[in-house]
Amino acid sequence: MDHDKVNEFLNRFVTDLAATEAAGSVAIGHRLGLYRSLAEGPATPEEFADRTGCHPRYLTEWLRGQAAGGYVEYEPATGRFALTEEQAYCLADPHGPNVAAAFRFALGMLRAEPRVAEAFRSGEGVGWHEHHDDVFVGVDAFFRPGYEAELVPHWIPALDGVDARLTAGARVADVGCGLGSTSVLLAEAYPRTTVVGSDYHPESITRARKNAAEAGLSHRVTFEVATAQTFTGTDYDLVTTFDCLHDMGDPLGAARRVREALAEDGTWLLVEPAASDRVEENFHPVGRLYYSGSTFLCVPNALSQEGGHALGGQAGEAAVREIATEAGFTRFREAARTAFNVVYEIRP
């Protein structure tokens, strides 16, 4: 046995365990608005307590742990903690990547560990709707900034003729819409377009309707409780599915329903996690992130549904293309890509 390799592995273990334990502190920072408060300026724990209304002893430990992890800076001469401009952008800026929200949904999904462990033995599923509320809220909060940065500025223009069509006024179905963030983004950007969002999770649809109302868009953005195989309507100019096809037990049935619902010259905008068809090419930090989430959320949800599929969060292009082709689509291409997502343009 190579003891240097043992120590190397143990160092990796300590890093992972420390990050796992720190996830709770990051989630607390997000839940209590601590990052936003610290972004206002440097503070000692006592000063930070006055600013936030939280107990200074808890804040002391929280700040020190955040500094140890590189999420917060510490100045020994003054005893003050602060966020750099870059840290504040990632952790506190509402228009930034909102990375702290990811820890909220990660902790939410980990609450299901006993049930998922049992599912390993039984082969049964654990539905999306069976998870803790932090999963739904955290996923929306973390994914929304990416959609804001990419959907209208980059992904829609990458589709042939779709931007002009939405500008002139189109009908859109946003399938698997969750809390409705993508539905609202499309309606805000294209005032002549109407959007119908659908999701099988009633609680998410309730929140989606509230979000649309708060944005003043209830007259152009409506929502229904429906699966991807049963959403209503036909002759849509655009059907969108964001990071959800791989979660379905029957993605082929969903693809067939999309094909039926589209106008003959319509477009299916399919956004999926970035992944290679070669398994070993997914062995990197983003792949690890997706495989972990897939183990707790994507695969269990798919196995909880009829259909016989469980693509998982790293399905790859070949599996997605096969489903689209079998559903009757004849044109399939990668239209855009980010570090986290691949955007497919699919047409009849």
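Start with the second largest pocket: select His30, Pro94, Asn98, Ala141 and Arg144, which lie nearest its centre among the 21 lining residues. A pocket here is an open set of points on a 1 Å grid over the protein atoms alone, with protein on both sides within 12 Å along at least five of seven lines, and lining residues have an atom within 4 Å of a point. The volume of this second largest pocket is about 420 Å³, where a volume is the space filled by probe spheres set on the points, with grid points joined across faces, edges and corners.

Before moving on, note that this is a predicted model, in which local features need pLDDT of at least 70 and side-chain atom pairs count only at pLDDT 80 or more, while totals for chains, interfaces and linings use all residues. Residues are numbered from 1 along each chain as its sequence is written, and side-chain values use heavy atoms, with hydrogens and water left out.

Helix H1 (3-31), helix H2 (34-38), H8 and H11 each give two or more residues to the lining of the second largest pocket. H8 provides the largest share of that lining, with 6 residues. Helices (H or I, at least four residues) and strands (E, at least two) are DSSP runs, numbered from the N terminus.

Is asparagine 98 buried or exposed? With a relative accessible area of 15%, asparagine 98 is buried; buried means under 20% relative accessible area, exposed over 50%, and partly exposed in between (1.4 Å probe, protein chains only).

Next, show the strands. Seven of them, in the order E5-E4-E3-E6-E7-E9-E8, form an open sheet with mixed pairing; two strands pair if DSSP finds at least two bridges between them. Strand E5 (221-225) and strand E8 (331-337) stand at the edges with a single partner strand each, so one side of each is left without a neighbour in the sheet. From one strand to the next, the twist averages 20 degrees. Select residues 171-175 and 236-242 to see strands E3 and E6, which run parallel and are joined by 4 bridges. In this region, valine 175 stands opposite threonine 241 in E6.

Then bring back helix H8 (residues 133-155), which packs on the sheet and touches E6, strand E7 (262-273), E8 and strand E9 (341-347). Contact means heavy atoms within 4.5 Å. The direction of H8 makes about 145 degrees with that of E6; axes are lines fitted to C-alpha atoms, for helices over the stretch in contact, and angles run from 0 to 180 degrees between N-to-C directions. Helix H12 (residues 251-261) lies across E6 and E7, at about 145 degrees to E7.

Valine 196 lies in E4 (residues 194-199) and is partly exposed, with a relative accessible area of 21%. Serine 198, also placed in E4, counts as buried at 2% relative accessibility. Leaving aside neighbours within four places in sequence, serine 198 is in contact with residues including Asp174, Val175, Ile205 and Phe231.

For the hydrophobic side of things, select Leu151, Trp155, Ile156, Leu166 and Leu269, which have the most contacts inside the largest nonpolar core, a set of 29 residues. A nonpolar core is a set of buried Ala, Val, Leu, Ile, Met, Phe, Trp, Tyr and Cys residues joined through side-chain atoms within 4.5 Å. H10 gives the most to this core, with 4 residues. A second, separate core has 28 residues, among them Ala173, Val239, Phe329 and Tyr344.

Last stop: how many cavities of 30 Å³ or more does a search of the whole structure find? The search finds 1; a cavity is a set of points where a 1.4 Å probe fits but cannot get out. About 60 Å³ of space lies in the largest cavity. Select Glu272, Pro273, Ala275, Ala315 and Gly316, the closest to its centre of the 13 lining residues. E7, helix H14 (317-326) and E9 each supply at least two residues of that lining.
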